[in-house]
Each structure stands twice: as C-alpha cells, then as structure tokens.
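This briefing covers selected local features of one structure, grouped by topic. Please keep the sequence and the 3D view open while reading.

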Amino acid sequence: MIPRLKSHPPAQPAVLAFLDALRRDGFTGDISITDADRVVLATDNSIYQVMPEAILFPRSTEDLVRTARTLALPDYAAIALRPRGGGTGTNGQSLGHGVVVDLSRHMNRILEIDVSGGWVRVEAGVVKDQLNAALLPYGLFFAPELSTSNRATIGGMISTDACGQGSCLYGKTRDHVLELSTVLDDGTLFLSRPLGDSELASLQTRADRVGEIHRVVDEIQRDHAALIAERFPKLNRCLTGYDLAHIRDGENRFNLNSILCGSEGTLAFIAEAKLRVLPIPRASALVNLRYASFDAALRDARALAGFGAASVETIDSKVLDLARADIIWPEVSPFFPDEAGAPVRGINLVEFVGDDPDAVMSAVSRLTDALGAETEHATARLGHTVATGADVERLWTMRKKAVGLLGNVAGRARPVAFVEDTVVPPERLADYIAEFRAALDRRGVEYGMFGHVDAGVLHVRPALDLKDPAQQMLIREITEEVIALTTKYGGLLWGEHGKGIRSEFVPRVFGPLYPCLVAIKRAFDPLDRFNPGKIASAQGGDLLRVDGVPFKGSFDRQIPEPARHYVDEAMHCNGNGACFNYDEDDPMCPSWKATRERRHSPKGRSALVREWLRRLAAEGVDPQAESAKLREGSSWRSFLPRLRNSLAAKRGEPDFSHEVREALDGCLACKACAGQCPIKVDVPTFRAKVFELYYGRYLRRPRDYLVGWLETFLPALGALRGLSNAMTNSRAGQAGMRALGLVATPAFSRMSLPQALAVRGIAFATPGALAALSAEERARSVVLVQDAFTRWYETGLVLDTLDLIQALGFRPWIAPFRPNGKPLHVHGFLGPFQRVAARNARMLRSLAETGVELIGLDPSMTLTYRAEYAALSGADRPPAVLLLQEWLGRHLDAIPAGRTDAEFVLLPHCTERTAASATMRDWQAAFAATGARLRILPSGCCGMAGTYGHEAEHRATSEQIYRLSWAGHVAAHAEQKRLLATGYSCRSQVKLMDGLALSHPVQALLACLRS
C-alpha cells in the first residue's frame, strides 16, 4: 500500500497575506495555491523547473491593475510576479519563485476587428491561430508565424518579440504592434503607441512613473544612438528585449513598444494589444528540395532565397525520420519519395506567395528551371517536388512539429533547448553550423536541426540526459562555446526565443550598453518585482545563470530507474505543449479545452505523475513492486485499512495523491494524446497504473466495479433485455443509477442476435469450423470480433455489418463473445484486465491461426488490441484485428461499382482519427468504389468517450466538450441525413444531446450498394 504523501510547504505568510488583500480589493479571477497547479506551472518548454508559491488567473485588465496596486503596498515588497502566457517559452522566461500571473485562462477575448483600418484589438491571452481563425472570413491574418502558433498567446509573442517562418518578408512581432495597454508596477494603466516629439514632450512632463519612463528611454536613445548602431549587427533578428535599436521607428517617432516587445514580463503586464493585420495572400506554392547532405542543404539555401521566396526553411534527416512515425506522415509522404541508393539527409522548403496564382507559379518555374541548369549543388540535390493548395499547409504543419518530434527520439538522451535560436548572417550560416556540429560531435552528442535559413537562424537541439549530473555540466560548456562561435561569425546567442534564464550573458553581449538596460528596468520596476533575474536588475542583483536554476532532470533523477520505466508514458514530455492546441476541432485534449485548466492536459498530468513518483521514491516506495503485490493479494484483506484511509480523506486529511487522482479522473481516455502528441505521451495508460496504486490505498466507488466489469454482466442482462430496459427506464432505476453516479444509461437493443444470425445462416466461428474450410473458402471468409457495446446496444449495426460482408461476396462468421477488458483497463483494474485480455487473446489467436482475417467494428474497442493488449506477454498477445475500413481497403475490388453520386460526411472516433489516421483514406476509397463521396470532417471529441459522459460528475463537462466541436457539425449536416459517425459512444452522445440517430459508414455503404 502506498503511503500518504505530504504536500509542499505552503506559501510564505507574506504571499498568503497578499492573496487575501487581493481578494479584498475585488480580484475577480481565480487564485490557486494547490500543489497540483503549482507543479504544473513549474515548467514550460525549457529544461528548467521552478515551483511558484501561487498562481493568479486574472479575468480582466482591472484584475491586473488590482494585482499591481496591491503588490505596491510596502508589506509585499519582496514578492515577485511572473507573467505567463501560453507557457511555450524555451528558456524559462515565465519560471521563478513568487506568484505566477497566467493570462491565458480568462483573458483570451478578441475585442475588436477593424477590417478597413487593417487592425485588431485583443487581450493578451488570445492564441495566435485563434486570432487568425477569427480573421479568416475577412481575408486577413496576423503575420508573425511560429511553430507553436496553435497555443502561443499574443502576450507571449509580444513578450519575446517572437517571429519564425517568413520573417524576412513579414518581420517580427514588434513590426505589427500598434498599441499596447500595459499595467505598470504601481497599478497605472498606460497605452503606449508611436509618438511625435510634441506628444513625447508632454508625457515627459508628468511627475509619475509614466513620465519617468519616457524621460529615461528618450535620453538613452539620444545619448547612445551611435554606440547602439555600432554595437549590434544588421540582422533580421538583430535584438530581442529592450530593443534600443528601434526606440525611434522608420518615421522617427518615439516608440516605447520597441522596449516592451521582447521584455519577457520584466517591465509590466501586457493586458491588451492593437495589432496590424495583413491581407492573406491568395496563392502559395512550396518547392521541397531533397539533399544527400545537410551541409549541402544549408549552402544551397542562400541562393534559393534569392529567387524572391517568402521563406526558406530547412530540416535535417533526424527530424524527417521522426516525422515518418507521426500522425502527419500519411498526409505528406508523397512529397518525400524514397531516393534510390541515396538517403535524404536534409531538405529545404521554399515558399512563394502572392495574390496572382500565375505569378506565384511563374516564380516557382524560375526556380525549378534554374535547378535543372545549375551545377554547383546539383550532385547533392536528390530531387524536388512542388506543392500547392492544401498540401502547402500540410508540409508546414510537419515543419511546425519539428520541436515536438525531436523529443520523441529513443533512449535516455533527448534533444533539449538551450542554444537553439542563435542567429548569424545568412551567408555565414553553413560555416557556422559546420563548427557548431563539430563542437557537438567532439563531445559525442547527437542533435537535430531545423530552422529559418533565410534569416540565418537554425534551431539546434543537442540530445542530453539531464538526469545525469555529468551531462548537466555540458549545458554550461556547450553554451560558452556557442557564444564564442556566434561572436566569431557576427551573430547573437538569442535570435528568436528570448533570454530568460540565459540572462547572465546580457551584460557580456550588451557591453557598455548594459547600464542602459538597468536604467530602463529601474524606470519601469524600481523594486525588481516583475520577473526578477531576467534581462536586467534594477537593484543590482544577480541575473539568472544557465546552470544556476534547477533542471527538470534533477527532479526526475530522484525517481529510481524502475519507477521511471514503469510509468514511461509520462516521463518524456518535453513541454512543447502541443496538447494546448486552442483549435476546438482538434481532438487533443478535450478536458483541457473544456476546463482551460492546465492540470487537465497531457502535459499537466505528466508533470503531476512525475512529481508523484518522486515523492513516492522519497518514501522508499517502488510502484512496480506495489503493483505486483496488489495483483497477487486479495483486495478484501486490505478492506479495513482502505476504509480507514478513505474516511480520513473524507475528513480532509491531505494527500498529494488526491490531487493527482483528481487531474487524472478528468481524462476521457480518448487516447488522442497517445496518437497525436509528438512525444506520444499516453495519459490513459499511465492513468490506469496510477489508479491501480491509488485504489490500493483508498476504497473505490461502487460504480467503478459496475462499469469495469460491465462486459461480464452484459450477456446476462441482455438475455433479460426487456426487464433490464424497464428497470433502466423506471424512476427507481434511474434514481438508483444516479445514486451510483451514472446518468443517461442506454437501453438494450430489442433484437436477438442469435435469432437474426440463424435467419441469415451465419455461424459462430470456431477454430475447427474454420480449419475445415478449403483454402479458397478461408480466403473468402472473415470473422467479426464482437464488442460488448455494439453487440448489446446496437445489434442492428452488427447485422448490417454482416450483411455488407455478404454483399461483397464474403462469408461472414462471428467470434464468440469474450470481454475485451477495456473498461477494466480504463478504471485501473490492471490485474483483472490482464487475465481477461489474455483469455480473449488466446481465443482470437486460435481463430486467426486458421488464416481467416479478423475485423472489429467499434474503433475504440478494436484499437485496444494494438495498444493496451501490447503489454501482454508474448504468449498472450493477440493476432491482428483489422478495423473494418482496413479490411475494406484490402478488398476494394470486391465492392461492386454503384450508380450513386451521394455525398456523405464522417465524424470519426478520436482514437481512430489519431491512432489510425491513415485508415480514413480506406473509408474514402470504399465509398469511392460505390460511386459515392465521403468527406472527413475536422472535429474534436464528442465528449462521451466510453463511460465518461455517463458519469454524473463529468456529465456537464461532457456536454461542454460536445458543444465545442460536434454540436456545430451536427447542426450543419444532420438535416441532410448524410452525417455518419464510427464510434458507438459518439453516436450515443449525439442521440443524447440532439436527439438524432446517426448512421455508421457501414449502413451508408450498404445503402449505396442497394441503391
């Protein structure tokens, strides 16, 4: 039995007093001092981990004013504020002790769109892609492009002066900032914008903080203009943070926004922003060039940019190889054909954009014609392809995933960010990278590379195991050598991702100008309370050092190797935050999208489980050994101790395990993370392991036993389906279910499957019966593996599937029903699951050994054979059980050509969409064979996910998830009677929410064949 785990020490008395004062002042947002929230916000997309004392989630600019005004009171002078956006920073910009102020949860409203004026006004927590989705109907977009654009906030972009792909054409974030609403450290709300000299002079007469800021910054610009021009190279990414070079803009106006952009939360709160937006180019085309060496790709890139490209991006072979295992690969693989005898070691993506499609394609032709004529790099080029339309976006999506993909390499050493955004003159990039690579090669360090070669920025991520103290030391060693190299080649250490915990190098880089940064910091934040230790110190304190802040690996090192291996699915999250995708039509992660609470996300849950393992290790607990004890012993023997523990918990006895369980309990087990996360963080798998141990200490809810063993009970209940339905539909039955915590329980199908099979002459499959068939008969036979839910709740669909198989000229068989075990796994009954799954797998294997193909109907249940069953021992592992569409894809020639021209739209199950995305094409091919068309709708989760939507405490969230994505699709398409859904739980949710009975693709195909 695992022990009770203590919480972290509570926040300091001064912090608690500050929070109380803030509430009294009318703060309307959320305030959290829970261990769970603090652990989750202790990390970002960097190598560091620092636990804050509290987190604020303001709802409005007024809350930010209250926060600063309260903090200005003398009693709270020592408290630090850490402004935070999307948490995608790679250098710990938002990490530190004190109070984190997270603007992403509530301050995410688009306030105003002025189409004629070409600008928008937004709150700081708006996500970049969220903004562009709102601008799309107007033909406009916010230009700076980031690989993290689906979760990076505008406030975060401003705070790091972010840029990325296309920066040579569109510039950096600061180039598009028109006005900023900022809250200063004394609570003053100020609107900054470009100023003429008379307006500047007027502001400088003010006796408050605003006047001081404008006097100091203007004096620095006037007194040091020559030194500023001399000190910094003329690069696309010349300077980030306190941008002295652009205090005066191109029209010689004073622009304080150049100081605020890139200030990383060290000067003020960014509350709102007025941004310039641009017309979306009407046409784009992308040339993908493949090379035999990465060096050749780099050396070719500069010449490619000379053809007027909007951007030139490069990717090395490591990233490309990792992409082959990602969900995106089926969509982009045609652009990366295998090169005979010459592996691809690098690629360049060259994009052309414009309003005239003919002009864009003419530019492409000029490049491709030149490629055929030019000889200098011709031997290194392996070929090229041209993408247009939607394919351009697919290729950029792959490029955006590079950061996450690098985290998915095998082994203990994982590519990490700390020297990844250096910038040098583009013409010197290849030579610089050659020396950079040599520095890593000398140390035996693997790495991956990708980046913006047209701007001279290449993202280099050395692979280190930061749980190893010796490899931690390489952070300092490699950083120092890279700084020397950037100096040698006329560049900078930070070209794109800010300074953050690398701030120790600011005095070295800025040299005689560093006192100017200190003066700016002192004017804005004289007591060093905004993100202290970053960029500059008003009080003369030390700046943060790259090896002076706790590494995330230092905490993970405290987890013994067996424990790490046991919950390996949680250990490798690198913080890239792909699970925070704002897009409601993206499957990952529904609980995060509905709650906006980061602990309810794969990244948050991974962080909590790692911390849980660390605290267990501190108590001398081996989770794997505890799991083995639980599976060997009797749960009844431990009933009394678990009862005592449960009663103590009910009385309020704290245990960190409660917070971990609460976060995991909100997971829908849809497994979108397991398929869609670039690192393949698999929350449902490690959730089951945690639940097993948690409920070894505490009593389970009675409902868990009912749901976990439901498959075992269903045959008996189904045999008495009339009585069962009457009880379920009665008031007493519904009240009983509610008492157990279950709602909206489905009714059994009225059909009798055995009777219907007898009428159709379809037999249950046995190894003997299948083996007795001739080889030709076996080739024309197929076994349908039953799942409990379609078997007893949608019997008609099972029969339609068998009818479709017969219509295609195959003989259908049906496997004897055996519990699949997925409900047991979902609820952490891992010992029983293994036994149930092993029995089922042995039965299925005996059928498959006859050579007859096995197929499954419900995607979630069928894919269990590839996922959860993979943990079974070799002797118990199941054979291949194909998804129905995979089987159809193998036998397209058996589908009779139809005369229909019907069009259908499909909402796939989350697990199917993310774990078997390539099979969507199989559905489309099957429909096309009949003459029909099938469109796959982009959609999120339906919110049901097995039994999640039937659990009383989750029903409201389930409905909220449904409304985020599915409700709109159903409203748009249901009237046409052409909307299809593959998941049993999905169809159940639609029926509950909208009263509609959606068809399965099988039923639509059958109708097409019969038309």
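Asn255 has 8% relative accessibility, so Asn255 counts as buried (under 20% relative accessible area, with exposed over 50% and partly exposed in between; 1.4 Å probe, protein chains only). This is a predicted model, in which local features need pLDDT of at least 70 and side-chain atom pairs count only at pLDDT 80 or more, while totals for chains, interfaces and linings use all residues. Residues are numbered from 1 along each chain as its sequence is written, and side-chain values use heavy atoms, with hydrogens and water left out.

**Surroundings of Asn255**

- Asn255 sits in the loop between α8 (209-231) and α9 (257-260); helices (H or I, at least four residues) are DSSP runs numbered from the N terminus.
- Apart from neighbours within four places in sequence, Asn255 is in contact (heavy atoms within 4.5 Å) with Arg193, Pro194, His246 and Ile247.
- The side chain of Asn255 reaches the backbone nitrogen of Asn257 at 3.0 Å.
- Between the C-alpha atoms of Asn255 and Leu784, which are 529 residues apart along the chain, the separation is 69 Å.

**Helix α31**

- Helix α31 spans residues 710-719, and its buried residues are Leu710, Glu711, Leu714 and Gly718.
- Viewed down the axis of α31, these buried residues fall within an arc of 80° (taken from the directions from the helix axis to the C-beta atoms), so they line one face of the helix.
- The exposed residues Ala716 and Ala719 are on the face of α31 turned away from its buried side.
- Among the elements covering the buried residues of α31 are α30 (702-708), α32 (721-729), α37 (788-793), α39 (822-826) and α41 (859-863).

**Packing of α45 and α47**

- Helix α45 (residues 955-964) packs against helix α47 (residues 984-994) at an angle of about 95°, and their axes are 11 Å apart.
- That makes α45 roughly perpendicular to α47 (65 to 115 degrees).
- On α45 the contact is made by Arg955, Ser958, Glu959, Tyr962 and Arg963, and on α47 by Gln989, Val990, Leu992, Met993 and Asp994.

**Backbone geometry in loops**

- Met588 and Cys589 are joined by a cis peptide bond, with omega about -5°.
- Cys589 is in the loop between α22 (568-571) and α23 (590-595).
- Arg596, in the loop between α23 and α24 (602-618), is not a glycine but has a positive phi of about 60°.
- Ala744 also is not a glycine and has a positive phi of about 50°; Ala744 lies in the loop between α33 (731-740) and α34 (753-760).
- Ala744 counts as partly exposed because its relative accessibility is 36%.

Note on methods:
Helices (H or I, at least four residues) and strands (E, at least two) are DSSP runs, numbered from the N terminus. A polar contact is a pair of N or O atoms within 3.5 Å; within protein, one must be able to donate a hydrogen and the other to accept it, and residues adjacent in sequence count only if both atoms are side-chain atoms. Axes are lines fitted to C-alpha atoms, for helices over the stretch in contact, and angles run from 0 to 180 degrees between N-to-C directions. Angles under 35 degrees count as roughly parallel, over 145 as roughly antiparallel, 65 to 115 as roughly perpendicular and the rest as oblique.
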